[in-house]
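Reader: I would like a close look at a single part of this model, with its side-chain contacts described carefully.

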Amino acid sequence: MAKRRLPQSDRSLFTRLSQRVSQWAGKPQTFVGAAGLIVIWGLSGPIFGFNDTWQLVINTSTTIVTFLMVFIIQNSQNRDTAAMQIKLDELINRIAGARNELLDLEELDADKIEEIRQEFEALARRARGDRATATIGAERPEKPGFNKQ
């Protein structure tokens, strides 16, 4: 199945920009270019007498790039995580026998998520036949689930 791309008009300017910058920033050529700029900057030190302005150029430019990249990376990560959650929710929804109560697991508190993770860990230990360490959750049913209260 081919990957469906939304028309440019269906995505905001920031989304389109962040996708392009993320793709560009992740390429080896970008790393080589950035490393090359650092080398050129370092080699230019004697020409400028290693003065404060020379140092300020690299400090300011790297700070600005880093500051902006934080937002680009976070936007990319948020979109990827949301898309993955939707895909996982669709799988849970469509697979016979899957527990629909796991659909919005990412919305639960960390303590509740940890409790469920421990239940699945115990299930995995039991499935491997590791009886000695499978005592956590042994009082729970064979299929881990939420403790109904």
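Which residues of α4 are buried?

Author: This is a predicted model, in which local features need pLDDT of at least 70 and side-chain atom pairs count only at pLDDT 80 or more, while totals for chains, interfaces and linings use all residues. Residues are numbered from 1 along each chain as its sequence is written, and side-chain values use heavy atoms, with hydrogens and water left out.

The buried residues of α4 are Ile116, Glu119, Ala122, Arg125 and Arg126, where buried means under 20% relative accessible area, exposed over 50%, and partly exposed in between (1.4 Å probe, protein chains only). Helix α4 covers residues 110-127, helices being DSSP runs of H or I with at least four residues, numbered from the N terminus. Its 18 residues reach 25 Å from the first C-alpha to the last, close to the 26 Å expected, a span defined as 1.5 Å times one less than the number of residues. Glycine 129, with a positive phi near 80 degrees, follows α4.

Glutamate 121 is partly exposed at 35%, as is arginine 117 at 38%. Salt bridges with shared partners join Glu114, Arg117, Glu121 and Arg125 into one network.

Notes:
Helix = DSSP H or I, 4+ residues; strand = E, 2+ residues; numbered from the N terminus. Salt bridge = Lys/Arg side-chain N within 4 Å of Asp/Glu carboxyl O.
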